[in-house]
Every structure is written in C-alpha cells, then in structure tokens.
Amino acid sequence: IILHTMFTYSRAGIHLASIQDTRREKAKGTYPIKYRITFLRKQRYYTSGIDLMEQEWENVTDPKKTREATKSARSKIQTGFLGIRKHIDYLIDRDTFTFENLNLRLKKGITTNFKTAIKSKIKTLELNDQLGSAESYTSTLKKVSEYQSKELSFADITPTWLKSFEKFLLKDGKAYTTIGIYLRNIRHIMNQGKELGIISDAQYPFKDYKIPKGEGRKLALSLDQINKVMTYPLTTDKETECRDLWYFSFLCNGANISDILRLKFSNIENGEVCFYRQKTKDSSRTKKMIVAVLLPEMQSIIDKWGSSSKRSDNYVFPYFYKGITPVEEKKNIKNVTRIINRKIKAIGIGLGFGNISTYTARHSFATILYFSGSPIGFISESIGHSDQKTTTAYLDSFKKEERLKYSKMLTFNNQSRT
C-alpha cells in the first residue's frame, strides 16, 4: 500500500509524483519518501533520502501544518521533486526520454564517470533480459578497466585515447572484429553522454576517430562440401545430433542456434518455419519475419531429434522448457552452440575444409544463394537483414573470393595445370 501523493507532474505521457512507500517498514516505524515515475506502463522509484512515520507524512502533505520540522521536510521533498522534473523536461525537449537516460541525468555528477555509465547500461540491459548485450558491455568494461584502472570521465575519451586503447587491444591479441565490438559499445555510451549534455559536440571523439572494421574469415562451403559434411562417418549419436542441428541451421535460412532453440511448433505453419530473429527483435524498429520452407530434410531432423509432444506451445527441440528463465536460456544456448562448434570443427578439419562452425552454416546459405544468381533482395529477406545495404556488405567477402578465383585463371601457371 502506498499512501498519499503530494507533488505531482505530468507531461508527454510521463507522470511524476512524490509518495510514501509503505511496502516495507524501516527503523522506528518510518517509511521512505520516494519519487515515482510512470512511463509506458512501467514504474520506477527514486529515493529522496527522507524517511517519515505515517503521521509525519500526513502532516507534510497538509499545507495547513506549519511546524518548522514539517515545513523543512516539505521543502526538501519539493526540492528533489523539482530537480527530477527539470531532468524530465530536459529529455522530453530533446525527445530522448528513457529511464536509462534519466538515471544518467540524475547521477550526472557521478556519471561524468565513464565506467559508471557503462555499469548503468549493463544494469538496464539485464533488467530488460538483454543478456547477450549485457555480456558484451561487461567485456568492454573489463577491457577498459584493464587498460586504465583509474577513474575515467567522459572528457577523457578522446581520439588519442581511443587509438591508444585500440593498440592495447591488438597487443592483447584481440581481432579487429572484437575490437570493433568494444569500440561500438564505447561509442554508444559517448552518444548518450552527448545527448545528455555531459559532453559537448566539440568533445565528441568519434568525429575524428574511425572504428576499424575487421573482415574476419567468412568461410562458406559449397553444396558439394556440405554434402561431404553430411556423409562424413561419425561414431556417436551426439556427433550426429550436432551435425544435424548444424544442417538444420543451414537449411533454415542460416538461422542462428538461438533462434532454432526458441522455435515452437506454433512457428511451423503450412509447410514453412516462421520466426523473428532474436538478435534484432529488440533493436529493430521494423520487425521482419523470417520464413523458411520446411524441407523434407528439416522435417526428418525434427522427427529424429525433436520433442515427442507436438503441441503448438512446445519447443521443437527439447533444450528449452516451459517457465525457463532468460538466464537459463542464455546458458543453454551457449552450451549447445559450444558443443555443435566443437563437433562440426572436427568434421571440417577431418575433411580438410578448415575450422567450420555454426556461423559457417549461415554464410554458406547466403553465398550459395548469391552464386546461384538469387537477387540480393531475396537473400536479404531470407536471412533477416533490415535492408539490402547490410546484405551487400555481408556478401562483399564472397564477391572478393569470386574475383580471386577467376583472376587466377588468367595466369600462365594456372592455365598450364588445366
């Protein structure tokens, strides 16, 4: 039960009120006075640092009560209320209101501390069950702290600092792909700092510093090579199951293992598998459904390794269960992906293809479509990219492979061997 409110304010769908929170009694029969903010049906509570007994709170909310202690408590509560209101107005005026941005504004004196801002981002991601992103920011914070153990302000993040941090990561053995992830996370925090007025536009470092792009090795297999993977002799059921799930990923438009494990029988309709890509479900404004034809080979894998009960609300593969928590989901996905990668890597090495993985299934799906003459638009829609520019960039390495292959045919040595 929460007693009377006192000061209230509403603007742009955001509601602020000072309240006494009586859900948990504190020492000497007092209860904390808090500021409650409601936005998009979600509520957050911010402490005022003031605790009052119920009768004291009733006195504070009654303007006729003029005792000095009552007037003093009322003034302190009002000062805190007006301070929060100021930050809400600031964010509304810039169309940047979120609870996360408000938290940063309210802690502005602290969150000029860059590491604290990253911690706040991690906490927000965890509250939203975005555990993969939270893990990414946690890794970023760890590396930033290893590079510079002392406190960092937003103003410390300069182009020179970023270049030096990049060199530190290279020396630490990190690939440019990983370095790019860390630096994009840092850029996101700096963007927030600029939005919130913690740094000026002139202090924003990413105008002069460009994040390096790591191409990585996009190993894609041909249909003939995939057939060799699927006919490679195996000795255990676990090896076979892992290979089949890898093949299912390839056939299912290169779906990520996280998407495959989340599939329910309700996702299978009229001979097609329909789902939203988990990686972009929360970040993309436009939600694109991926639709893959349920090929006989896919159905055979489901029949062999899928759940025995085909009820629409059951998971297709028995790695998740009703009531599973986001933390347990993340753990299961990591374990299954790790095992599949270990088994499929052994097959790739055995066949002389190199280190293939679950990522190879996705790249193989895209590149086989590309080399078969499929339109970029169809490939983009099939793998769930938000636009064709993303797909074009995704396929750049394949185009380079094709150019190299045909360029070699021009050399005398190559011609003499054919």
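# Contacts and salt bridges in a predicted model

Student: Leaving aside its neighbours within four places in sequence, which residues is Gln192 in contact with?

Tutor: This is a predicted model, in which local features need pLDDT of at least 70, side-chain atom pairs count only at pLDDT 80 or more, and totals for chains, interfaces and linings use all residues. Residues are numbered from 1 along each chain as its sequence is written, and side-chain values use heavy atoms, with hydrogens and water left out. If contact is taken as heavy atoms within 4.5 Å, and neighbours within four places in sequence are set aside, the contacts of Gln192 are Glu100, Asn101 and Leu104.

Student: Is Gln192 buried or exposed?

Tutor: Gln192 lies in helix α8, where helices (H or I, at least four residues) and strands (E, at least two) are DSSP runs numbered from the N terminus. Buried means under 20% relative accessible area, exposed over 50%, and partly exposed in between, with a 1.4 Å probe and protein chains only. Because the relative accessibility of Gln192 is 6%, this residue counts as buried.

Student: With the side chain of which residue does the side chain of Gln192 make a polar contact?

Tutor: A polar contact is a pair of N or O atoms within 3.5 Å; within protein, one must be able to donate a hydrogen and the other to accept it, and residues adjacent in sequence count only if both atoms are side-chain atoms. At 3.4 Å, the side-chain partner of Gln192 is Asn101.

Student: How many salt bridges does a search of the whole structure find?

Tutor: Side chains of opposite charge can pair when their charged atoms come close. A salt bridge is defined here as a side-chain nitrogen of Lys or Arg within 4 Å of a carboxyl oxygen of Asp or Glu. Over the whole structure, the number of such salt bridges is 18.

Student: How many residues apart are Arg11 and Asp89?

Tutor: The side chains of Arg11 and Asp89 form a salt bridge at 3.0 Å, N to O. This pair links distant parts of the chain, with Arg11 in strand β1 (residues 2-11) and Asp89 in helix α2 (residues 68-93), and their separation is 78 residues.

Student: Where is Lys26, the partner of Asp51?

Tutor: Asp51 and Lys26 meet through their side chains in a salt bridge of 3.1 Å, N to O. The pair, 25 residues apart, connects Asp51 in strand β4 (residues 42-52) with Lys26 in the loop between β2 (14-21) and β3 (31-39).

Student: Is Lys143 buried or exposed?

Tutor: Lys143 pairs with Asp172 in a side-chain salt bridge at 2.8 Å, N to O. Its place is helix α6 (residues 131-147), whereas Asp172, 29 residues away, is in the loop between α7 (159-171) and α8 (176-195). Asp172 counts as partly exposed at 33% relative accessibility, whereas Lys143, at 10%, counts as buried.

Student: What distance separates the C-alpha atoms of Gly29 and Asp51?

Tutor: Gly29 is placed in the loop between β2 and β3 and counts as partly exposed at 21% relative accessibility. Although Gly29 and Asp51 are 22 residues apart along the chain, their C-alpha atoms are separated by 9.4 Å.
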